[in-house]
Structure formats: C-alpha cells, structure tokens
Amino acid sequence: MQIKLTRIAQKKTADLEIVLFKEASKISDKKLKALINQGIKKDQKYFLFSTGDKASLYIQLNFDSKKAHSLEKCRLAGSEAFDTVMKLRAKTVSISNNWNESFLIAFTEGLMLSAYQFLKYKKEAKKLKHPFTEILLKTTEITKASIEELKHVVTAVYHARNLVNEPLSFLTAVQLAKSLKQIHSKLNVKVEIFNKKKIESLKMGGLLAVNKGSVDPPSFTVLTYKPKNAVNKKPLVFVGKGVVYDTGGLSLKPTANSMDHMKCDMGGAAAVGCATYAIAAAKLPVYTITLVPATDNRPGGNAYAPGDVITMHSGSTVEVLNTDAEGRMLLADALHFAKQFKPMLVIDAATLTGAALRSIGQQGVCMMGTADEKMKSLVREAGYHVHERVAELPFWDEYEDMLKSDIADIKNIGGAFAGAITAGKFLQHFTDYPWLHFDIAAMGWMYQRDGYRLKNGSGVGVRLFYKVAKMIAKSKK
Ligand code: BES
Ligand code: ZN
Ligand code: ZN
C-alpha cells in the first residue's frame with residue numbers, strides 16, 4: 001500500500017484540494033479571503049470549505065523558514081490534514097503551494113506518513129483499507145528529484161513499520177533476513193545471509209548465546225551498497241539490533257505487560273535496514289555496509305544463564321549477569337565483525353535500554369560514542385531537520401569501571417544507575433573506529449498515536465540515518 005505522488009498541471013481536480021498559504025492577503029477569492037481573515041483573528045489555521053462532492057482545505061503555514069522546527073510544524077499540519085482526508089473519505093488530494101518547497105515537502109511527508117496502515121492480519125482488510133491513494137502536487141516549485149526522494153523515504157519508513165509491527169509468529173530471525181532481502185531485491189544492494197552454521201564457524205559467541213534458549217536459528221545479514229560514484233572509500237557501516245522478540249530470557253521480564261510489545265526489539269535493525277533501502281533507492285553516492293545480527297531471546301531448555309561466561313566473536317569473555325541485557329551481546333559481535341571493513345564511521349541503532357526511555361522520554365533518541373565533534377554535530381543537525389532529535393549522553397571513562405567482572409574480561413550489566421550509558425560502554429569495548437551508538441528504545445514503539453508517527457511501530461531512525469548519509473555525501477563533495 002503506497003500513496004501515488006505526482007506533480008501535475010493546475011487544472012486537474014481532486015476530491016480534496018489543499019491550499020497551503022503563508023498570508024491570507026495572497027488569496028485571490030475575495031469571499032474566501034474575508035472568511036479566512038476572520039478565522040485567523042481567532043487563531044484558526046485550518047479552513048475547510050465544501051460544495052457538493054468537492055472540498056477545499058486552506059491551511060496557514062506562517063512559520064519561520066530559518067528554523068528546523070518549522071518543518072516539523074508542517075509535517076504535523078500534514079498529519080492533521082490526514083484526519084480531514086479520512087473524514088471526507090477522499091481518494092485523491094491535491095496540494096498547492098508556490099512559495100516554499102521545503103514546507104511543501106514536509107507537509108506532504110506528514111500526510112503520507114499518516115496514511116500508513118498495517119492490515120495484514122485483519123479479516124476485513126479490504127473494508128478497513130482507507131480509499132486515499134493519490135496526491136497531486138500543484139506546483140512548479142518542486143523538482144522531480146525531490147518528489148522521488150520523498151517517495152523513497154516514505155516507502156522506507158513504511159517498510160520499517162511493517163517489520164516492527166510483524167509479530168514473532170511471522171518474523172523470526174530467519175524471516176527478518178528474508179524480508180530484508182526482499183525489500184532490497186530491486187536495488188543495487190548485495191544481500192548476504194549467514195545461517196547458524198556460518199555464525200558458528202565465525203564464533204559469534206554473543207549472538208549464539210542469546211539464541212541458545214530458542215528453537216529458531218539465528219541469522220546475520222550483510223547488506224552492501226557500493227555505488228560507482230561513492231564519495232567515501234572507507235564504508236559507512238550500520239549495525240542494527242535484530243532481537244525479533246525479547247522475553248528477557250531466564251532473567252524473565254518482571255513487570256506486568258512489559259513483554260507485550262517486545263516484538264519491537266528489532267527496531268534498530270528495521271531502522272538501519274530500511275535507511276539502507278532509502279539510500280540505495282535514492283542512489284546516494286555513499287558506500288554503506290549494513291549488519292543485522294538477529295535472534296529471539298527466550299528462556300528455553302538450553303538458554304544461557306546468569307553467571308555464564310561467553311567467549312565473544314572478538315575473543316573477549318563476557319560474564320552474563322542478566323540475560324535481559326541481550327542486545328549488547330549480539331551487537332558486540334557485529335561491531336567486532338565491522339572492524340575488517342576499516343569503516344569511516346560505524347553507526348549502531350538499538351532498542352537497547354529502558355534507561356534511555358527513562359532519561360529523555362519519547363522526545364528523541366540517545367546518542368553516545370567516539371566519533372569526532374564534527375560528525376556529532378552533523379548528526380545533531382540531521383536530527384533537528386527530520387525531527388528525530390538526538391540527545392548526547394556523557395560517555396566518561398569512569399563509567400567503564402561499572403562493567404568490571406571478577407571472572408571474565410567484562411560483565412554484561414553495569415549498576416543501578418546510568419543504564420543507557422553503561423550499555424554503550426559495553427559496546428565500546430568491541431570497537432576500534434569512529435563510532436556512534438543510538439539507543440532508540442524510547443521512540444521505536446508508540447503507545448498512543450503521535451502525529452504522523454502514528455501508534456505502534458514508528459519507523460524511527462530511518463529518516464535520521466538517511467539524512468545523515470545524505471549530509472555525509474554533501475560534506476565530502
Ligand atoms: N529490549 C530491552 C530494552 C527495551 C525496553 C526496549 C523498553 C524497548 C522498550 C533490552 O533488551 C532490555 O531488556 N534491557 C534491560 C537491560 C538491563 C537488564 C541491564 C533494561 O533496560 O531493563
Ligand atoms: Zn532484554
Ligand atoms: Zn532487548
């Protein structure tokens with residue numbers, strides 16, 4: 001299910017005509033102008049007029065074009081407009097705006113992202129599917145390339161949401177690998193899937209330990225996108241946590257209902273896997289490699305147990321003191337695996353800790369790592385631009401002391417405090433390159449509808465990492 005998006009001549013009509021305006025003085029119809037001016041005095045921003053089976057919706061977007069936050073206001077306006085589209089059961093919607101391309105794109109993005117539905121498991125899917133299928137952009141101010149880019153990004157977010165919303169009964173680790181392969185099948189992306197045998201031969205002890213309690217095998221997916229015109233010789237490497245379901249293992253999740261949405265624990269894999277889709281579909285000149293270690297985490301017969309000592313892919317040993325701190329076990333193996341590529345930068349994304357959610361709530365994602373200040377500020381700027389805001393946590397050496405083990409090189413949990421940071425410090429142990437870790441636990445899953453992010457799988461990270469790659473491409477030119 002995707003919304004068709006085309007730029008068209010002014011004359012064609014749609015079920016709902018949306019007119020985005022900055023100031024009412026520019027509206028030529030005198031009667032409309034008077035009505036709108038009256039409303040503006042009462043702080044009204046949306047004006048719906050309908051005659052017969054045609055309707056028009058005037059929306060004022062009088063925001064400061066220099067502020068990144070204005071783009072978010074436009075996306076939210078798009079999300080609000082979607083509710084009108086639904087009320088009218090409109091099939092086609094036209095949007096006109098001839099004064100600001102960025103506002104038009106952001107508004108359209110908000111509208112398109114709001115139109116996502118996940119109906120795979122509904123018997124009455126046909127009935128429940130909304131009729132909205134087409135957007136006509138009535139403007140000369142938007143380039144074909146921008147339209148194509150928007151389509152790719154929205155499709156990528158849809159893919160990511162589908163993956164997160166899929167339950168474990170379908171999306172096992174092997175299926176996650178297959179789905180990633182399918183998503184990239186028409187693109188210039190090489191997909192390699194390692195099965196359990198291969199993972200064993202690579203001695204990925206962390207991934208295998210988490211998988212021990214499961215009856216389903218693990219998987220490890222490598223996506224390589226190497227365009228001829230790449231601006232970088234050393235790859236940009238993405239790593240995503242692919243825990244397709246997290247029960248906590250033998251350290252079973254304690255809180256009532258805390259397991260209900262743990263199918264979202266592959267949100268990091270969905271974010272980086274689908275950002276890769278957008279990067280390749282938009283043909284960004286950035287050489288990228290994306291790694292997705294995947295398994296479920298269960299307390300089955302042979303499950304790894306608190307007290308176990310695991311030899312990781314790197315050769316380091318880890319004392320497991322909580323089997324619910326499983327994400328870092330498989331990410332550690334993937335981060336060590338990444339060393340062979342001599343990456344310019346490694347970005348990992350993971351729904352890693354409840355502590356990240358407790359630190360900053362659902363307003364952004366936590367970032368920490370060893371990349372230089374220039375890269376961090378690029379990432380921060382990207383975050384503001386797409387409104388997947390990035391909050392950097394302290395990453396002082398002293399936090400590392402909290403991971404000291406009596407018996408092994410390191411243990412897999414810190415103390416009662418700074419849980420998001422000690423998780424990051426654990427990962428750092430397995431890196432030797434510029435690296436940024438994103439704990440997206442806070443935003444991977446929405447408990448209530450949040451504008452165009454909707455409810456359930458949000459697809460967070462896709463737009464952020466696409467934007468980061470695009471900015472890297474620009475900065476290297
Ligand atoms: N998958 C969870 C983190 C999580 C929490 C994701 C809420 C999404 C929403 C992770 O594997 C986990 O269980 N982390 C533990 C770590 C602890 C045992 C050190 C946590 O945060 O409680
Ligand atoms: Zn866990
Ligand atoms: Zn987890």
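This is a predicted model: local features need pLDDT of at least 70, side-chain atom pairs count only at pLDDT 80 or more; totals for chains, interfaces and linings use all residues.
Residues are numbered from 1 along each chain as its sequence is written, with chains lettered from A and ligands numbered from 1 in the order in which they are written. Local features need pLDDT of at least 70, side-chain atom pairs count only at pLDDT 80 or more, totals for chains, interfaces and linings use all residues, and side-chain values use heavy atoms, with hydrogens and water left out.

Around ligand 1 there are 15 residues, each with a heavy atom within 4 Å of it, and those that come nearest are Lys253, Asp265, Asp324, Glu326 and Gly354. The shell comprises seven charged residues (Asp, Glu, Lys and Arg), four nonpolar ones (Ala, Val, Leu, Ile, Met, Phe, Trp, Tyr, Cys and Pro) and four polar ones (the others, Gly among them).

A side-chain N or O atom of Asp265 lies 2.9 Å from a nitrogen atom of ligand 1, while a side-chain N or O atom of Glu326 lies 2.9 Å from an oxygen atom of the ligand. A polar side-chain atom of Lys241 is 3.2 Å from an oxygen atom of ligand 1.

The space taken by ligand 1 is the largest pocket, where a molecule sits in a pocket if more than half of its atoms lie within 2 Å of its grid points, and a pocket is an open set of points on a 1 Å grid over the protein atoms alone, where a 1.4 Å probe fits, with protein on both sides within 12 Å along at least five of seven lines. By class, its lining (residues with an atom within 4 Å of a point) has 14 nonpolar, 13 polar and eight charged residues.

Notes
A polar contact is a pair of N or O atoms within 3.5 Å; within protein, one must be able to donate a hydrogen and the other to accept it, and residues adjacent in sequence count only if both atoms are side-chain atoms.
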